Amino acid sequence: MPLDIDTEIEFNIEDLQYDIEQSRATDRWNDAPDNVKDIFHELEWNIIEGEFHETTDFINPLLESGVSARTLISGPMSTGIAEVGRRFKMDEYFLPEVMMSAKCMQAALVIIKPLIIAEKAESVGTCVIGTIQGDLHDIGKNIVSMMLEAAGFDVVDLGVSTPPETFIEAIREHKPQIVGFSALLTTTMNMQWETLKLITAEGLRDDVKVMVGGAPISQVWADKIGADAYCADALIAVDKAKACVGDFKDLVGGAPELRDNLLAMESE
Ligand code: B1M
């Protein structure tokens with residue numbers, strides 16, 4: 001029986017009707033110097049309009065002005081791609097526009113990645129990460145991977161649409177302390193559960209901490225499937241990954257009651 005997927009994340013129609021143009025050059029980036037604030041808006045707009053050939057023209061001047069790579073990701077890049085998602089949801093954008101915007105994000109990340117990785121601290125552990133089977137979204141997963149790498153993790157990135165069996169092979173080969181699943185689609189987020197079940201069935205569950213993330217994922221979902229940590233964003237992922245290899249490594253995540261309910265529903 002298919003699982004009843006309840007993402008607990010509701011869209012608010014008023015939020016979806018709010019066009020980012022209304023707040024452009026008004027209430028955002030006010031704490032940044034004027035020249036930076038202007039380029040932030042340009043970069044954000046460049047992502048929204050999918051002008052990927054020009055993306056680097058905005059990234060380099062911002063880096064030269066002393067803006068950190070992390071601020072770029074969590075600031076104008078995030079608000080830009082979020083607006084693309086809003087427009088797609090409201091049928092203002094279609095797939096080709098979303099693909100162009102994704103190319104902007106990727107072009108920016110090509111420049112930013114070496115700067116983030118250069119911060120790499122002493123090795124603290126290994127993390128296997130991948131987007132789950134059926135899902136091709138990888139921008140968020142790539143950001144999480146690079147932040148984890150900068151924090152000192154050796155990251156084995158399995159890419160997109162990763163079958164559960166590939167996670168198993170990677171766990172056996174790389175012996176990670178952490179396994180991370182990314183999922184952006186409500187239709188396939190169930191594969192996080194399937195992958196976790198296979199890890200358990202293969203007798204590997206006690207060897208790894210499982211972290212989950214992605215737009216439709218929530219703490220309740222993580223508790224239901226028995227993941228050890230839910231990560232709303234890349235910075236949280238780094239904190240939780242450090243906790244998983246540090247003082248909190250013996251904590252077990254998940255809520256047994258919720259997980260039992262899920263198993264009961266499945267066997268019905
Ligand atoms: Co798609 N897409 N997309 N898409 N896309 C979404 C996810 C959607 C919400 C858009 C919408 O309707 N508003 C919607 C899903 C709806 C749903 O499931 N309910 C959707 C859809 C429907 C689809 C298609 C089905 C469209 C179609 O074909 N008709 C299709 C699916 C293809 C497939 O996967 N099989 C599709 C395709 C695509 C593109 C290929 C065009 C492109 C992806 C390009 C790529 O990734 N290389 C794309 C994009 C860009 C998006 C949106 C607009 C942006 C996603 C993104 O990159 N966000 C997205 C809208 C949205 O999410 N609001 C959308 C920026 C990124 C930094 O954030 O990925 O959330 P995010 O990652 C964060 C956190 O979530 C967290 O940390 C990250 C960094 O802070 N995190 C983790 C993520 N993974 C983690 C793993 C961890 C920890 C934390 O592990 C430890």
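Which helix or strand supplies the largest share of the shell around the ligand? The largest share, five residues, comes from helix H5. The model is a predicted one, in which local features need pLDDT of at least 70 and side-chain atom pairs count only at pLDDT 80 or more, whereas totals for chains, interfaces and linings use all residues. Residues are numbered from 1 along each chain as its sequence is written, and side-chain values use heavy atoms, with hydrogens and water left out.

The protein contains eleven helices and five strands; these elements are DSSP runs numbered from the N terminus, with helices (H or I) of at least four residues and strands (E) of at least two. Of its 268 residues, 46% are buried. Here, buried denotes under 20% relative accessible area, exposed over 50%, and partly exposed the range in between (1.4 Å probe, protein chains only). Among contacts between residues at least 6 apart in sequence, 75% join residues at least 24 apart, a contact being heavy atoms within 4.5 Å.

The shell around the ligand comprises 33 residues, of which Leu136, His137, Asp138, Ser182 and Thr186 come nearest. A residue is near a molecule or strand if one of its heavy atoms lies within 4 Å of it. By class, 19 residues of the shell are nonpolar, ten are polar and four are charged. In this scheme Ala, Val, Leu, Ile, Met, Phe, Trp, Tyr, Cys and Pro count as nonpolar, Asp, Glu, Lys and Arg as charged, and the others, Gly among them, as polar. At least two residues of the shell are supplied by each of helix H4 (69-89), helix H5 (95-117), helix H6 (139-150), strand E3 (178-182) and strand E4 (209-213). Domain 1 (14-118) and domain 2 (125-267) each contribute at least three residues to the shell, the domain bounds being taken from an automatic or database domain assignment.

The ligand carries a cobalt atom, for which His137 (NE2), 2.2 Å away, is the single donor from the protein. Donors are N, O and S atoms within 2.8 Å of the metal (3.2 Å for Na, K and Ca); water is not among the atoms, so sites may look incomplete. Histidine 137 is located in the loop between strand E1 (125-131) and H6. A polar side-chain atom of histidine 137 also lies 2.8 Å from a nitrogen atom of the ligand. For serine 182, the distance from a polar side-chain atom to a nitrogen atom of the ligand is 2.7 Å. Glycine 85 instead places a backbone N or O atom 2.9 Å from a nitrogen atom of the ligand.

Two further residues lie in helices. Threonine 195 belongs to helix H8 (residues 190-201) and is buried, with a relative accessible area of 0%. A polar atom of its side chain lies 2.5 Å from the backbone oxygen of methionine 191. Apart from residues up to four places away in sequence, threonine 195 touches Ile132, Pro164, Phe167 and Phe181. Serine 145, in helix H6, counts as buried because its relative accessibility is 6%. The side chains of serine 145 and aspartate 157 make a polar contact at 3.4 Å. A polar contact is a pair of N or O atoms within 3.5 Å; within protein, one must be able to donate a hydrogen and the other to accept it, and residues adjacent in sequence count only if both atoms are side-chain atoms. Neighbours within four places in sequence aside, serine 145 is in contact with Ile129, Val155 and Asp157.

Attention then turns to backbone angles. Most residues other than glycine have a negative phi. Serine 161, although not a glycine, has a positive phi of about 40°. Serine 161 is placed in the loop between strand E2 (153-157) and helix H7 (164-174) and is partly exposed, at 27% relative accessible area. The C-alpha atoms of serine 161 and glutamine 133 are separated by 3.7 Å, although these residues are 28 residues apart along the chain. The side chain of serine 161 reaches the backbone nitrogen of glycine 134 at 2.9 Å. Lysine 175, likewise not a glycine, has a positive phi of about 45°. Lysine 175 is found in the loop between H7 and E3 and is exposed, with a relative accessible area of 61%.
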